[in-house]
Structures are given as C-alpha cells and as structure tokens.
Amino acid sequence: MRAHFIVGLFFACLGAFVPLYAEKKADMFDLSADNVSASGDIITAEGNAFLLYGDAYMVAQKIIYDKQSKEVHLEGGAKVYQGNVLYLDVERVDITLDDKHTIMSNLYLQSTMGIWIMAKQGEGQDNYYTFKKGVISGCDIQYPLWHLNVSSGTYNAQKEYMSVWNPRFYIGALPVFYFPYFFAPTGNVRKSGLLSPEMSFSNKQGFMYMQPLFIAPFNRWDMTLSPQIRTQRGYGGEVEFRFADKENHIATFKGRYFQNNDEYMRSNNLKNQHIYGGTFQYKTQDILTSHNEYASDGFYTDITYMNDLEYMRLKSLNGAFNTRLYESRINYFINTNKHYFGTYFKYYLDLSKENNVNTFQSLPQIHYHHYTDSLFFRNLLYTFDFQSKYVTRASGYKYFQNTFSLPLGVAFPFFKDYFSIGANVDMYATSVLLEDAQNITDAMRQTLDKNINYSVSSYNISLNSDIARPYKHFFHSMHFEALFSGALYKYTSDAIADDRYEAYNKLLEENNHNPESLKIYWNPSDIVDIVKNKHKVDLKLSQYFYGKNGKELFYWRIYQRLFINDNFLTRNQVLRNELGFSPIGGLNLSASTFYSYSRNTFSEASVNASFNKWGLDSNLTFYFKLDPLYLSSGLYSQQENNSNNTGFLRGNLGYDFGYFYLNTNVGYDVGLGYLKDWYVTISKDIRCFGIGLKIAQDVRPTLTADNQITPITNQYVKLEFRFVPLSSIGATYRFKE
C-alpha cells in the first residue's frame with residue numbers, strides 16, 4: 001500500500017474525465033518539462049513534466065503525447081487535476097482525449113464519503129469504470145482497521161455506486177467473512193438497495209431476522225420494505241412510504257402486520273394473533289401564507305391506529321413501547337400579530353380496554369384568540385378567546401361545548417416602574433349541549449338537562465414588582481406578583497350549581513377506595529372550570545442570580561394559591577417550589593416540590609442532578625406523584641400503600657476512558673416498587689470503525705387474552721459493529737424473556 005495520504009481526493013470524481021473534456025478549448029494546450037523532445041507526431045516530456053489541456057492539467061515524471069491520435073501516456077507518480085482539485089493519483093495512465101477512454105495502473109482514489117480504493121489496474125469510459133485486484137476501506141491508508149480485498153469491481157460515476165466481486169472482509173489482518181458480491185453507493189444521493197439487516201435470538205421467539213429493502217426511484221419519494229421472521233413466534237413486515245412536497249416537507253405512511261403462530265398464542269395467553277396498524281405523519285407550514293410577511297400558518301398530522309401494544313414494538317427486533325394510551329392528532333393553525341385561529345382533531349386509543357367505545361374523542365375543536373391589544377387608550381387592554389369543541393364516543397354521553405373569555409383591564413406603573421398595578425374584569429361563559437345522557441345523574445341523583453350553561457364575570461387585581469441590581473461578581477433580579485381574583489356575578493345551571501359541586505366532593509370522600517362506583521355520577525368539574533367563580537389569591541416570587549458571563553448560577557421560584565371561601569379547594573392546594581443551582585461549569589442541580597400543609601406530605605416532587613465534564617457524563621433523576629384520586633378527595637394518608645402512585649428513579653453514568661466508552665443506565669419504579677430496566681454498554685469508535693456491547697434488562701407490558709396488561713421481563717445482550725461510512729451490523733441474544 002502507498003505510504004502517503006491524499007487530502008481532498010474524491011472517489012465520486014472517478015468520472016472526472018467527463019468534465020475534463022466538456023469545455024475544452026483547442027487553443028488551451030501547453031506541454032512542458034525539464035527535457036522535451038519530438039519524433040514525428042510523438043512528443044516526449046521528461047522530468048517534472050506538465051500538460052495543460054482545457055481546464056485540466058496533468059503532472060508526472062514522464063508524459064508522452066501523440067498529436068495524431070491525441071493519446072497521452074503518463075507514468076511516474078501521475079496526477080490529474082481540474083482547477084485546484086486532485087482527481088486522479090496513479091502510477092501510470094493512458095488517456096485518449098477525444099473519446100475519454102482511460103487505462104490506469106496502480107491507481108488510488110477517494111470519495112467524498114471517505115471511502116478510498118487502490119487497484120492494480122483500471123479502465124474507464126463515459127462515466128463507467130472497471131478495476132481489478134483492489135483494496136477498499138474508509139480507514140487510515142497505512143494501517144486500516146478494516147478493509148475489503150476484491151478481485152474486480154465497477155464504478156458508475158454518474159449514478160454514484162460501485163459493485164465488487166469476491167470481497168473478503170478483514171478486521172486488521174484477520175479475515176472475518178466472504179461475500180461473492182457486494183454493492184454500495186459512493187455518494188450522498190439516495191440509492192435503492194438492501195439496508196443493514198437486524199438479527200437477534202430469543203429463548204421465546206427464536207432466531208429473529210429483519211431485512212429492509214430501500215427503493216428510491218425518484219427524488220420526491222422513496223419506500224422501505226422490511227420483512228421479518230421470528231422462527232418460534234411468526235412472521236410479518238412493514239412498508240414505509242415517504243413523499244416530499246415542493247417545500248421538502250416529508251409525509252410518511254407506515255403499515256405494519258405480524259402473525260403470531262398458534263403455539264406462541266397459547267403459551268403466552270395473547271389476545272391478538274394478527275397484529276396490525278398504520279401511521280401517517282406530515283408537517284408543513286406557509287400553506288396559504290407563503291407570500292404574506294405578516295401571517296404564518298401550519299398543518300400537522302400524526303395519526304396511528306393499532307390493535308395491540310406490540311404494533312409499536314414490532315418496528316424493530318428490539319423496539320420499546322410502554323404506553324397503553326396513544327393520541328392521534330390533526331392540527332391546522334393560522335397566526336398573525338393580532339389573531340390566532342386553530343382547529344384540532346384528537347383521537348385516543350386505550351389499549352388496556354377491550355374496546356374504545358367509552359373513550360372520549362375530540363372531533364373537532366376550533367380555537368380563535370385575539371392577542372392583547374389596547375382599547376381607546378394605551379393602558380386599557382383586552383384579549384378575546386373563543387373555543388368550540390365536539391367531544392364524542394360510540395357509547396355513553398357526549399357533548400358539544402362553546403366557550404368564550406373576554407378580559408378587559410388597565411395597568412399602570414408607579415415608583416419609577418419598580419411596581420405596577422393592574423385590574424381587569426374577565427367575562428367568561430360556556431354552554432354545553434349533552435347527547436345520550438339519559439342514564440347519568442348528578443351527585444344529588446337528579447336527571448341532567450340537555451343544556452348546561454355557566455357564565456361568570458370575575459375580577460382580577462394584580463400587584464407586580466421587578467427589581468434588578470448588578471453586584472461585583474454577579475447580577476441579581478427579583479420578581480413578585482400577587483393576583484386577587486373572584487366572581488362579581490355568576491349564573492349556573494342546576495347541574496353545575498354549588499350544591500351539586502359540594503355533593504360530588506362528598507361522594508369523593510366516601511368512595512375514594514372504589515372509584516368505579518363514581519362513574520354513574522356527573523362530575524361538575526369534568527366540563528366546566530368551577531375555579532373561576534371562587535375568590536382566591538395567587539402569590540408568586542422568583543429570584544435569579546447570573547454570573548459575569550451571563551450564565552445562570554441560581555434560581556428560586558415559589559407559588560401558592562389560596563381560596564378565601566372554599567375549604568375543600570384550599571385543602572387540595574399545594575405550595576410549589578422550584579430551585580436550580582449551577583455552582584461550577586458542567587454541574588447542574590434542580591428540584592421542584594409540591595407540598596400540602598393540610599396533609600403534611602409532598603404530593604409531587606422531582607430532583608435532577610447532572611455533571612458533564614472531563615469525559616464524565618452523569619445524570620440522576622427522581623420523580624414522585626401521589627394518586628390523583630387521593631389528592632382530589634383530600635383523604636391521603638402516608639401510611640397507605642397506594643399502587644396507583646407514580647414514581648421513578650433513573651440514573652445514568654458514562655465515562656470516556658480513551659480506550660473505550662462505558663455507559664450505565666438504571667430505572668426503578670418507586671410507585672410499584674420494581675426494577676424497570678437497566679443496561680451497561682461498552683463501546684469504542686474510531687474514525688472508520690466502531691464496536692459496541694450492550695447488556696440489558698427491561699420489562700415489557702403485553703396485552704393478554706383477558707384484556708389485562710401483563711409485564712414480561714426481558715434480558716438480552718447485543719453486539720454491534722459499525723463500518724464507517726459503509727454500514728453497521730449487529731446481533732442480539734435474549735437470555736430470558
């Protein structure tokens with residue numbers, strides 16, 4: 001192998017000889033050297049020979065040019081340039097200038113992707129080149145960590161791909177495997193062909209293999225077909241279709257199907273033998289406002305239907321998906337400086353239910369908002385908000401609701417703008433039309449009317465203060481706000497009157513251990529924001545400290561809401577605290593707590609600590625939240641072990657030892673008291689080669705025949721090889737499932 005490395009040499013430019021002749025000019029020809037001699041039509045230049053032809057020039061120790069046939073022979077470290085770019089570095093080359101035919105020996109070329117090739121012989125014409133006895137790699141040329149020895153190969157310069165015969169793959173000097181044929185793209189343009197396969201082995205599912213096939217016939221769209229087989233479970237596959245619009249926004253459609261065999265169904269008590277579903281995703285903007293500098297609009301859709309949790313996991317051999325509730329959305333909005341309009345469609349799938357006939361769906365919701373603006377004079381401000389939605393389901397009551405809000409108020413600064421006071425009146429109203437609500441009663445066992453109306457005019461008085469001061473080593477800012485609000489006037493239908501609200505709260509206290517018994521009763525808070533008509537005060541305080549470079553060193557935010565005349569709501573309020581501290585570079589500490597004085601406990605808390613410096617990447621996260629039914633009932637006891645509490649602890653630690661990178665991650669469910677998952681990875685990446693070993697365990701929820709979600713513990717080890725920039729390949733073995 002050659003002992004030197006050529007920077008900026010492009011493999012994709014094997015076809016360089018095409019542009020060499022594309023714009024040649026007969027009068028641009030110059031041949032020079034230390035010694036030049038002529039014999040008839042043959043001109044021989046030796047010693048630092050140089051040939052300029054058109055916009056290309058060639059250098060070698062010896063150049064022989066035939067004026068009659070226009071053939072050029074270069075030998076002795078021949079190099080061909082166009083402009084200031086080196087296109088070809090060979091020991092010998094014969095070029096026919098008229099028909100662009102080249103014959104090369106001992107050539108070396110390199111692509112923009114970093115792949116290089118060395119070959120004994122090469123020949124090319126019209127963008128198509130062949131070579132024999134070649135070595136291909138993407139590593140350092142002197143000591144490549146991996147390389148291919150090939151008997152022969154071809155390269156298409158126009159379509160940017162290469163194909164080789166009898167490639168023998170080596171890691172260092174060790175032969176690993178042999179292929180009779182290998183095909184790979186050499187440019188960054190998408191090409192049709194086989195992608196890297198996935199392989200895994202499981203004690204329950206057997207040998208698993210997935211082989212994606214990528215099809216890209218046009219620039220605007222492509223398709224991926226991914227059949228898979230799991231020898232002890234079944235077979236299936238996925239089709240993914242992607243289309244780019246004129247603005248290069250991509251729409252994606254995926255369809256997936258898998259069939260479990262009978263034995264796997266029986267042994268695992270599964271609900272669905274045939275697993276299927278589909279997904280459509282698309283996001284774009286400036287649809288109707290592309291030529292309007294004062295407005296913007298956008299469209300977003302993410303729609304998924306699936307009949308089983310496994311649909312999401314089957315996208316790969318080791319896919320993870322643990323959420324039983326999935327939301328599909330279709331949104332459109334248009335926005336200006338003063339106006340916002342949006343329409344939203346939301347569809348929910350709850351896969352823990354036998355069916356979703358009782359699941360509420362929002363189809364559709366319409367939203368209009370007028371941003372804060374002045375009215376009559378600068379300090380008189382108003383906003384307007386209107387929302388209309390139809391909430392439906394196949395079984396059970398459904399409703400149509402219209403809501404508007406119109407705050408109107410004033411704000412004045414005083415004490416040299418250190419303080420400001422504001423006051424407004426918020427006119428709020430909502431109207432609900434119920435459908436199919438014959439079997440629903442309120443908490444006082446009264447039949448509901450079809451029409452439910454609620455309106456309230458509430459006052460809001462705010463006092464604000466913003467103070468900031470620089471010090472020698474830091475900058476300090478502080479913000480305080482007190483907001484007093486309540487109802488000036490209200491009108492409510494019987495279904496949401498105060499006595500119904502208080503009766504339902506009493507039922508909550510009596511039935512907190514049996515939430516199913518509450519489903520037959522109307523909850524006034526489900527549809528209407530009862531809190532608006534309550535007299536209350538919101539207190540907020542925040543402080544920030546910044547270093548000289550503007551870096552945030554410390555922050556503290558505190559918030560408390562108090563209800564003046566409603567003991568039930570006051571009992572359920574919490575004191576919210578948020579803290580953040582970053583004393584040195586790379587270290588970040590933050591915490592938030594929600595504390596109830598009446599219950600003497602934290603209803604929600606989170607702590608996060610991270611340190612990323614000196615090759616160390618670490619993070620520790622803790623989160624805890626009490627069951628919301630207990631919180632709303634006000635009966636939570638610290639001695640009760642409620643399995644519906646939410647909580648987890650997750651830690652991540654990684655360090656770069658130079659020779660390899662070690663990363664560990666562990667997650668623990670605090671609410672249910674079990675180890676959720678853990679993994680340890682050891683990896684090493686060099687410029688052209690990477691290897692990774694992962695040992696892991698996770699818990700995978702599975703939908704069983706009796707419509708229960710049963711967890712399965714899964715332990716596995718995964719080995720992955722990355723050959724940059726060609727491909728990567730890995731295999732997974734499951735110890736226990």
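How many helices and strands does the chain have? The chain has six helices and 43 strands, where helices (H or I, at least four residues) and strands (E, at least two) are DSSP runs numbered from the N terminus. This is a predicted model, in which local features need pLDDT of at least 70 and side-chain atom pairs count only at pLDDT 80 or more, while totals for chains, interfaces and linings use all residues. Residues are numbered from 1 along each chain as its sequence is written, and side-chain values use heavy atoms, with hydrogens and water left out.

**Overall build**

- Of the 737 residues in the chain, 43% are buried; buried stands for under 20% relative accessible area, exposed for over 50%, and partly exposed for values in between (1.4 Å probe, protein chains only).
- The chain exposes about 38900 Å², of which carbon and sulfur atoms supply 57%; accessible areas come from the Shrake-Rupley method with a 1.4 Å probe, and for residues only the protein chains shown count as cover.
- Among the contacts in the chain with a separation of 6 or more, 47% are between residues 24 or more positions apart, a contact being heavy atoms within 4.5 Å.

**Nonpolar cores**

- The largest nonpolar core has 38 residues, and those with the most contacts inside it are M58, I63, V72, L74 and I136; such a core is a set of buried Ala, Val, Leu, Ile, Met, Phe, Trp, Tyr and Cys residues joined through side-chain atoms within 4.5 Å.
- Strand β3 (residues 42-53) gives the largest share of this core, namely five residues.
- Apart from neighbours within four places in sequence, I136 is in contact with I115, W116, I117, W146, H147, L148, V150, M162 and V164.
- A second, separate core holds 23 residues, including V391, V456, A487 and V528.

**Aromatic pairs and charges over rings**

- A pair of aromatic rings is described by the distance of the centres and the angle of the planes.
- The structure holds 26 aromatic pairs; rings of Phe, Tyr and Trp (its six-membered ring) pair if their centres lie within 6.5 Å, and planes under 30 degrees apart count as stacked, over 60 as edge-to-face and the rest as tilted.
- F333 and Y340 form a stacked pair, with 6.2 Å from centre to centre and 15 degrees between the planes; F333 is partly exposed at a relative accessible area of 31%, whereas Y340 is buried at 17%.
- The ring centres of F545 and F554 lie 6.0 Å apart with the planes at 55 degrees, so this pair is tilted; F545 is partly exposed with a relative accessible area of 23%, and F554 is partly exposed at 29%.
- F545 and F554 also belong to a cluster in which ring pairs link Y471, F474, F545, F554 and F581.
- R256 lies over the face of Y311, at 4.4 Å from the ring centre, and the charged end of K694 sits over the ring of Y679, 4.7 Å from its centre; a charge sits over a ring if NZ of Lys or CZ of Arg is within 6 Å of the ring centre and within 35 degrees of the ring normal.

**Backbone features to check**

- Most residues other than glycine have a negative phi, and most peptide bonds are trans.
- L363 and P364 are joined by a cis peptide bond with omega about -5 degrees, and P364 is placed in strand β26 (residues 361-375).
- K70, a residue other than glycine, has a positive phi near 55 degrees; K70 is in the loop between β4 (56-66) and β5 (71-82), and is partly exposed at 32% relative accessibility.
- R445 is not a glycine either, yet has a positive phi of about 60 degrees; R445 lies in the loop between β29 (419-435) and β30 (451-470) and is exposed, with a relative accessible area of 56%.

**Two buried strand residues**

- G153 is found in strand β10 (residues 146-156) and counts as buried at 5% relative accessibility.
- Leaving aside neighbours within four places in sequence, G153 is in contact with Y129, T130, F131, S163 and V164, while G153 and K133, which are 20 residues apart in sequence, are 8.5 Å apart from C-alpha to C-alpha.
- D373 is in strand β26 and is buried, with a relative accessible area of 18%; beyond neighbours within four places in sequence, D373 is in contact with K338, L380, L381 and Y382.
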